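Reader: I would like to go through the helices of this model with you. Could we take them one at a time?

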Amino acid sequence: MAEILAAPQQAKADEQLRTLAAISTAHWVSHFHMFVLPMLFPFLKQQLGVGYIELGFALTVFAVTSALTQAPIGYVADHIGARKILLMGLALGGCALIMLSLHLTYPWLIASTVLLGLANSVYHPADYAILSAHMNEARMGRAFSIHTFAGYVGGAVAPAVVATLVATIGGHGALIVSGAVGPFVALLLLVVGIPDASAADRKMSGTHIPRQGVITPTLVMLTIFFTLLSLSSAGIGNFGLVALMSGYGATLSAANLALTAYLGASAIGVLAGGFLADHTSRHGQVAAACFAINAVIMLMIAMLNLPSLLLTAAMASAGFLGGVIAPSRDMLVRNAAPPGAAGRAFGIVSTGFNLGGIISPLLFGWIMDQNRPHWVFGASVVFMVMTVLLALATERTPQGKQKASDPRIMHP
């Protein structure tokens with residue numbers, strides 16, 4: 001009898017595991033595709049006869065397109081189905097890179113970055129809508145953490161993979177193979193049979209969806225929160241290496257080691273944060289505490305010339321704490337999303353990442369041009385303090401009623 005009762009539960013657990021693996025693989029592709037063009041800058045510069053300003057403008061086009069389309073894509077995902085949107089995004093991103101290889105001109109590069117930006121806007125709304133609808137509530141934080149970790153890994157392996165492809169089959173081949181990953185994973189997801197999350201599915205299941213606005217004060221605050229998160233980390237990730245070398249006298253190897261420790265510890269912190277998010281409902285306080293400690297660490301790096309070993313340890317600690325925040329950050333959004341609107345909610349708040357991606361290169365590039373490398377870390381401290389205050393304010397926003405009556409929550 002016990003075996004008969006356990007069979008459906010095991011089947012459901014297996015289905016959730018397949019879904020999580022499939023969605024995490026799609027997120028891996030999204031981060032991998034984001035880094036393909038920057039890794040090919042030397043090849044593109046030579047082939048197109050343009051400067052780094054023109055290449056940088058292409059990345060700005062990518063960020064702007066993604067920022068403008070995140071929220072609308074979230075709306076579409078909630079209405080026609082997150083699965084369809086996700087599969088189209090995978091195929092579109094891959095075709096954009098293949099198209100660029102076949103028509104390698106600067107106008108086609110800009111067109112490709114527009115398509116890549118549109119494809120990139122798909123992943124957060126579609127992924128989180130599916131995970132929110134189909135993962136076990138008691139393990140939701142860990143599901144979000146594994147999803148985020150997969151994205152980190154995609155970005156981490158992109159430089160080595162693209163460099164290997166360029167060395168073996170050239171730049172054109174690297175674009176084609178990197179692009180082909182998208183349609184291949186889309187086909188894989190079709191074979192696996194990932195579930196959907198749409199308005200039609202909720203109507204069929206009898207779920208009541210109240211008519212209410214999605215852009216709530218809490219989601220507006222979380223969008224600002226995501227923007228500050230992006231600004232606080234982007235300066236360190238993009239300009240930390242040159243700042244440590246020019247302002248602190250660090251050697252290339254020492255600075256590279258410190259930055260590698262920061263990025264690697266971030267990925268580990270994401271996994272640890274998943275367990276923490278599943279064992280607390282105070283997600284805003286978790287984020288605030290981690291960023292408060294991070295602000296102290298970054299202030300210490302900004303003001304002191306630390307020995308190489310201490311610098312690496314401090315950067316690793318900061319990276320780990322930054323990673324721990326990610327699942328709690330995602331749980332804040334899920335808890336704030338109106339029932340049946342997870343795609344739109346994540347689409348709206350993820351716009352904050354894109355806004356940070358547009359602002360941070362200009363801000364931190366200007367700081368370095370002013371020969372103020374210490375302020376790369378100092379400005380990050382300012383953004384972290386602002387993030388702490390906003391996280392605490394978001395935590396105080398009343399959400400208890402919504403959470404208690406939310407039909408998405410499946411009590412074990």
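**Helix ends, bends and packing**

Author: Helix α8 is followed by glycine 249, and the phi of this glycine is positive, near 70°. Please keep in mind that the model is predicted.

Reader: Where does α8 bend, and by how much?

Author: The bend is at phenylalanine 239 and amounts to about 70°.

Reader: How do the axes of α8 and α9 lie relative to each other?

Author: Helix α8 covers residues 217-248 and helix α9 covers residues 252-278; their axes come within 8 Å and cross at roughly 165°. Angles over 145 degrees count as roughly antiparallel, and α8 and α9 are therefore roughly antiparallel to each other.

Reader: Is that crossing left-handed or right-handed?

Author: The crossing in which α8 passes α9 is right-handed. On the α8 side the contact is made by Ser233, Ile236, Gly237, Leu241, Leu244 and Met245. On the α9 side the residues are Leu252, Ala255, Asn256, Ala258, Leu259 and Tyr262.

Reader: How many of those are nonpolar, polar or charged?

Author: The contact of α8 with α9 has nine nonpolar residues, three polar ones and no charged ones.

Reader: What about α6 against α9?

Author: Helix α6, residues 140-192, has an axis that comes within 7 Å of the α9 axis, and the two cross at roughly 170°. That angle makes α6 roughly antiparallel to α9. The contact includes Arg142, Phe149 and Tyr152 of α6, together with Val270, Phe275 and Asp278 of α9. By class, the contact of α6 with α9 has nine nonpolar, five polar and two charged residues.

Reader: Which way do α4 and α6 cross, left-handed or right-handed?

Author: The crossing of α4 and α6 is left-handed. The axis of α4, residues 82-102, comes within 7 Å of that of α6, at a crossing angle of roughly 165°. The two helices are therefore roughly antiparallel to each other.

Reader: Which residues meet there?

Author: Among them are Leu86, Leu90, Gly94 and Leu97 in α4, and His172, Gly179, Pro183 and Leu190 in α6. The contact of α4 with α6 divides into 15 nonpolar, six polar and no charged residues.

Reader: Where is the kink in α3?

Author: The kink, of about 40°, lies at glutamine 70, shortly before proline 72.

Reader: And what follows α3?

Author: Glycine 81 follows α3, with a positive phi near 120°.

Definitions and conventions:
Residues are numbered from 1 along each chain as its sequence is written. This is a predicted model: local features need pLDDT of at least 70, side-chain atom pairs count only at pLDDT 80 or more; totals for chains, interfaces and linings use all residues. Side-chain values use heavy atoms; hydrogens and water are left out. Axes are lines fitted to C-alpha atoms, for helices over the stretch in contact, and angles run from 0 to 180 degrees between N-to-C directions. Helices (H or I, at least four residues) and strands (E, at least two) are DSSP runs, numbered from the N terminus. Angles under 35 degrees count as roughly parallel, over 145 as roughly antiparallel, 65 to 115 as roughly perpendicular and the rest as oblique. A crossing is left-handed if the near helix is turned anticlockwise from the far one by less than a right angle, and right-handed if clockwise. Contact means heavy atoms within 4.5 Å. Ala, Val, Leu, Ile, Met, Phe, Trp, Tyr, Cys and Pro count as nonpolar, Asp, Glu, Lys and Arg as charged, and the others, Gly among them, as polar. The bend at a residue is the angle between axes fitted to the seven residues ending there and the seven starting there.
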